[in-house]
Amino acid sequence: MKRLTKDGYRRKKGQPPGTLLHIGGQTDAVVSLSAITYDKDGFIEKNNVSIDKLDLENDGFIKWYNIIGVHNAEIIRDISQIIDLHQLIMEDIMNTDQRTKMELYGDCLFTVLKMLRYEKGDQEIDVEQVSLVSGENYLFSFQEEAGDVFDYVRERIRSGKGKIRSMDSDYLLYALIDAVIDNYFVILEYLDEEINYLEEKIISAITKEDLEEIHRIKSQLLIIHR
């Protein structure tokens, strides 16, 4: 499970509001940008999109741009100039210790979520901040690293199933938030299965290791309920 170090807060201390400084786990992830543009009749999907190719023209298409790597201040600044982001939004995107929130800045809605992934091998919950900036015909999602819980949303866009391709960007925002929350319940089910398994073992013979394992799983549950 990723945790923030105090070093990030020390570096941030004394800086003026709006300073673009990454606070979070150290990463060497390559920054990448992908795009899905769609309307009710079809879609276009591109990877490795150049920032100077970003298109926010209100031409009837919904444009979803996904950025991986929020540690690069230059990239965040370049993107913000294109979509005219408030300085405080840029700061919050790079500070990955934000609480879940939703704020209106001018014509765009800024949302911060905690996306959880359960690594069965390590038996740990991985916590990643996802920031969403949505406007009239666009949505930008900012992730710390590659991999997310949005594949089901992407597949609905590709296949045209449901009503997502006939709806505005606010529906895309709803779909992404829903995907994050739905995954909370998937993780809860995994943890519940582990607890049930241990409870069955306890009935026959409890050991110190079992008690420690129960404590570990319950600590994971607390992460979700925070």
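Me: Which helix holds Tyr171 and Tyr174, and how many residues apart are they?

Reply: Both lie in helix α5 (residues 169–204), three residues apart, about one turn of the helix. In general, an α-helix has 3.6 residues a turn, so residues three or four places apart point the same way. Helices here are DSSP runs of H or I with at least four residues, strands are runs of E with at least two, and both are numbered from the N terminus.

Me: Before we go on, what am I looking at?

Reply: This is a predicted model, where local features need pLDDT of at least 70 and side-chain atom pairs count only at pLDDT 80 or more, while totals for chains, interfaces and linings use all residues. Residues are numbered from 1 along each chain as its sequence is written, and side-chain values use heavy atoms, with hydrogens and water left out.

Me: Back to the tyrosines. What kind of aromatic pair do Tyr171 and Tyr174 form?

Reply: Ring pairs need centres within 6.5 Å; planes under 30 degrees apart are stacked, over 60 edge-to-face, and the rest tilted. Searching the whole structure turns up six aromatic pairs. Tyr171 with Tyr174 is a tilted one, at 5.6 Å centre to centre with 50° between the planes. Elsewhere, ring pairs link Tyr65, Tyr138, Phe140 and Phe142 into a cluster.

Me: Is Tyr171 buried or exposed?

Reply: Tyr171 has a relative accessible area of 15%, so it counts as buried (under 20%; exposed is over 50%, partly exposed in between, with a 1.4 Å probe and protein chains only). Tyr174, at 46%, is partly exposed. For the chain as a whole, 46% of the 226 residues are buried.

Me: How many helices and strands does the chain have?

Reply: Six helices and seven strands. Along the sequence they come as α-β-β-β-α-α-β-β-β-β-α-α-α.

Me: In what order do the seven strands stand in the sheet?

Reply: The general idea is that strands of a sheet pair through backbone hydrogen bonds, either parallel or antiparallel. Here two strands count as paired if DSSP finds at least two bridges between them. The seven strands make an open sheet ordered β2-β1-β3-β7-β6-β5-β4, with mixed pairing. β2 (42–46) and β4 (101–105) are the edge strands, each with a single partner, so one side of each has no neighbour in the sheet. Direction ignored, neighbouring strands are turned by 20° against each other on average.

Me: Which residues does Ala35 stand opposite, in β3 and in β2?

Reply: In β3 the residue opposite Ala35 is Tyr65, and in β2 its bridge partner is Lys46. β1 and β3 are antiparallel over seven bridges, while five bridges join β1 to β2, again antiparallel. β1 and β2 also form a hairpin, with two residues between them.

Me: In which sense do β3 and β7 pair?

Reply: Strand β3 (residues 62–68) and strand β7 (residues 138–143) pair in the parallel sense over six bridges, and Ile68 stands opposite Gln143 in β7. On β7's other pairing, β6 and β7 are antiparallel over five bridges, with Val133 opposite Phe140. Those two strands make a hairpin with three residues between them.

Me: How many residues of β6 are buried?

Reply: Ten of its eleven, so β6 is largely enclosed by the rest of the structure. β5 pairs with β6 in the antiparallel sense over eleven bridges; Leu113 and Val130 stand opposite each other there.

Me: How do the axes of α2 and α3 cross?

Reply: Helix α2 (residues 73–83) and helix α3 (residues 87–94) have axes that come within 11 Å and cross at roughly 145°. Ala73, Ile76, Arg77 and Ser80 of α2 meet Met90, Ile93 and Met94 of α3, where contact means heavy atoms within 4.5 Å.

Notes: Axes are lines fitted to C-alpha atoms, for helices over the stretch in contact, and angles run from 0 to 180 degrees between N-to-C directions.
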